[in-house]
Amino acid sequence: MERRALLVLAVCWLGLLISPGARAAEDDHQSHDNNQTSGGVQSLCQALDPSPKVEPFVEELTQPPVIDISTGEQVTLGVYKIKQKFHPDFPETTLYAYGTSQETASSPGPTLVALRGVESFVRWENHIHDPQHFLTVDHSLHWANPKNGGVPIVTHLHGGEVLSESDGHPDAWYTSSGEVGPAYTTQNYTYANSQPAALLWYHDHTVGITRLNMLAGMNGMYVIKSPGEEPENLPAGDFEKLIVIQDKQLHADGAVNFPTVGVSPGVHPNWCPEYYGDTIIVNGKAWPYMNVYPTMYRFRMVNAANARYFVMTLSEPKLRFYQIGTDGGYLHKRLKLKTLTMGPAERLDFIIDFSKVQPGTVAYLNNSGNAPYPDGDPTFSSTKALLKFNVVAAPENVTLPQFELPASKELGPRVRFSTAGATVRRMTLTEYDDGNDNPTGSLLNGLRWRDPLTETPELNSTELWEIINLTEDAHPIHLHLVSFRVRSQQAFDAERQANYNCSFEVAFPDPKSCYTEHPQKPELHHRGWKDTATVYPGKITVFVVRWATQSGEKFSFDATSGPGYVWHCHILDHEDNDMMRPLKMITANSSKLP
């Protein structure tokens with residue numbers, strides 16, 4: 001796929017276009033080269049050989065095992081090297097996956113179920129004894145690079161309001177041999193679970209190789225329940241399905257097909273701007289099906305793809321999505337939608353009422369998200385259909401439960417808070433290239449991961465983050481520790497801005513303004529409490545960030561302690577190549593930065 005020419009801010013990037021030799025010198029303990037191939041065949045960035053063709057919709061959708069972590073007892077989860085079949089006609093695929101043992105490990109890992117207000121304790125262990133990763137590590141990127149080899153890992157609870165020592169800091173990695181990163185403190189994590197009921201998820205967050213570890217299988221779901229505070233009579237039990245969706249490319253021998261030759265190998269030998277697979281994996285199955293009765297079903301979904309956006313519709317015109325929740329929990333009121341959009345790391349909570357159609361109906365959950373999103377290549381046949389629904393009559397001896405479809409009823413509290421006097425931070429998203437229009441990296445505010453700390457919010461303060469996307473792709477921006485609200489989106493003239501012929505300080509419609517419209521309300525899928533939201537190309541997106549709990553109360557833990565937090569693009573290929581920055585909380589009126 002040919003990438004488009006990108007805006008270049010030469011002043012910011014002058015020192016970043018360094019030669020491979022200069023960058024390699026920074027990795028002073030490189031000891032191996034693991035250009036993994038299948039049968040000696042190199043895999044070219046954005047030109048991977050297609051996966052073997054198989055018949056879709058031959059295996060039934062399954063649910064990951066469930067572990068109750070509300071007992072007060074510590075639960076131990078490890079990452080193990082396993083083999084797993086995604087389809088009866090695919091060979092086994094080597095993965096790194098979470099489980100309580102080698103025998104129980106799977107991708108996705110077990111679903112962890114917590115109770116609001118009840119602390120949970122999880123010990124995360126590394127049982128990967130490989131001397132190097134089975135996917136290609138690009139040593140020209142800044143990464144964990146353990147001196148003694150091995151596969152470093154660290155687990156992040158995505159969406160969790162947690163102590164930074166338990167957040168899974170990218171530099172808090174560790175190997176199975178005991179080597180640790182500079183921010184490592186412990187593998188015994190404590191989760192406060194003080195936030196409202198929501199679907200969170202856990203995944204690897206190791207600096208420089210998150211894209212590898214996620215593609216290798218390191219992810220699972222985490223549910224916070226809040227009995228007595230959640231809406232009544234929603235579909236539950238067999239009528240509630242939790243789903244992790246990814247895309248992968250596979251070799252004929254079952255191995256994950258991951259680039260071994262980058263888009264600009266003279267700068268980054270192996271790095272690829274985005275990874276897109278041609279095989280849709282839903283709860284560890286390639287294109288599964290689901291038999292449903294003519295009643296309501298609740299779906300709670302995580303987009304665990306490295307880079308792919310899913311723009312979902314239902315093939316049956318009589319069916320609709322009724323969205324009831326998002327990243328941070330329940331919406332104030334439900335939304336009736338024909339389309340659901342979900343970027344990497346985002347979650348959706350929605351209901352489909354299959355009583356609207358007759359038994360014997362077949363419906364598909366389809367995808368039309370371009371890659372890159374929103375203006376890249378259209379989906380191709382194998383990535384259009386995600387999941388098949390077979391509507392079947394209930395057995396004569398089965399009485400279907402009657403669920404309630406929330407209409408005007410409030411699902412979650414309406415939250416209003418003032419932004420008067422809020423600190424305004426203006427952020428930029430930029431990409432740079434090798435001079436031949438081949439992308440070689442992405443940055444936040446023109447800074448790399450290791451550059452000095454710049455984001456130091458005060459506890460219990462409110463900030464407006466004005467994020468300016470100077471690239472031609474969308475970026476899902478994720479903030480650790482807190483949820484936020486998307487306030488607005490506003491298009492600007494990128495050409496005039498690049499030529500310094502306008503100003504962001506001048507409001508539309510003044511001719512001197514860079515803006516081409518008034519601020520627009522966020523899209524429907526950006527309503528509610530978010531921890532990850534899309535910043536569209538050629539637009540300024542404004543986040544309202546309150547550095548406290550969703551309810552506005554102080555955290556139950558000291559958020560200023562430990563290694564701190566991060567914010568980053570959740571296209572993992574971007575994150576691993578420096579599109580991530582540290583974030584450190586400070587106490588109010590603190591005169592000294594951490």
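## Ground rules

The model is predicted: local features need pLDDT of at least 70, side-chain atom pairs count only at pLDDT 80 or more, and totals for chains, interfaces and linings use all residues. Residues are numbered from 1 along each chain as its sequence is written, and side-chain values use heavy atoms, with hydrogens and water left out.

## Overall build

The chain holds six helices and 30 strands. Both are DSSP runs, numbered from the N terminus: helices are H or I with at least four residues, strands are E with at least two. The C-alpha atoms fill a box of roughly 70 × 60 × 45 Å along the principal axes.

Buried residues make up 61% of the 594 residues. Buried means under 20% relative accessible area, exposed means over 50%, and partly exposed lies in between (1.4 Å probe, protein chains only). Contacts are heavy atoms within 4.5 Å. Among contacts between residues at least 6 apart in sequence, 79% join residues at least 24 apart.

Strands of a sheet pair through backbone hydrogen bonds, either parallel or antiparallel. Here, five strands form an open sheet with mixed pairing, in the order β13-β21-β20-β15-β18. Its edge strands, β13 (289-292) and β18 (340-342), each pair on one side only. Two strands count as paired if DSSP finds at least two bridges between them.

Look at β20 (residues 362-367) and β21 (residues 385-391). They pair in the antiparallel sense over five bridges. Leucine 365 has leucine 387 in β21 as its bridge partner.

## Salt bridges

A search of the whole structure finds 17 salt bridges. Each is a side-chain nitrogen of Lys or Arg within 4 Å of a carboxyl oxygen of Asp or Glu. Arginine 300 meets glutamate 240 in one of them (3.1 Å, N to O). Glutamate 240 lies in strand β10 and arginine 300 in strand β14, so this pair ties together parts that are 60 residues apart in sequence. Aspartate 349 also forms a salt bridge with arginine 300, with the closest N and O atoms 3.6 Å apart. Aspartate 349 sits in strand β19, so this pair ties together parts 49 residues apart in sequence. Are these side chains buried or exposed? Glutamate 240 is buried at 18% relative accessible area, arginine 300 is buried at 5%, and aspartate 349 is buried at 6%.

Glutamate 466 and arginine 426 form another salt bridge, with closest N and O atoms 2.8 Å apart. Strand β24 holds glutamate 466 and strand β22 holds arginine 426, so the pair ties together parts 40 residues apart in sequence. Glutamate 466 is buried at 16%, whereas arginine 426 is partly exposed at 32%. Elsewhere, salt bridges link Asp327, Glu346, Arg347, Lys530 and Asp531 in a network.

## Nonpolar cores

A nonpolar core is a set of buried Ala, Val, Leu, Ile, Met, Phe, Trp, Tyr and Cys residues joined through side-chain atoms within 4.5 Å. Which residues have the most contacts inside the largest core? They are Trp124, Met312 and Phe389, in a core of 104 residues. Not counting residues up to four places away in sequence, phenylalanine 389 touches several residues, including Met290, Phe299, Ile352 and Leu365. Another core lies apart, with 31 residues, among them Leu479, Ala559, Tyr565 and Leu583.
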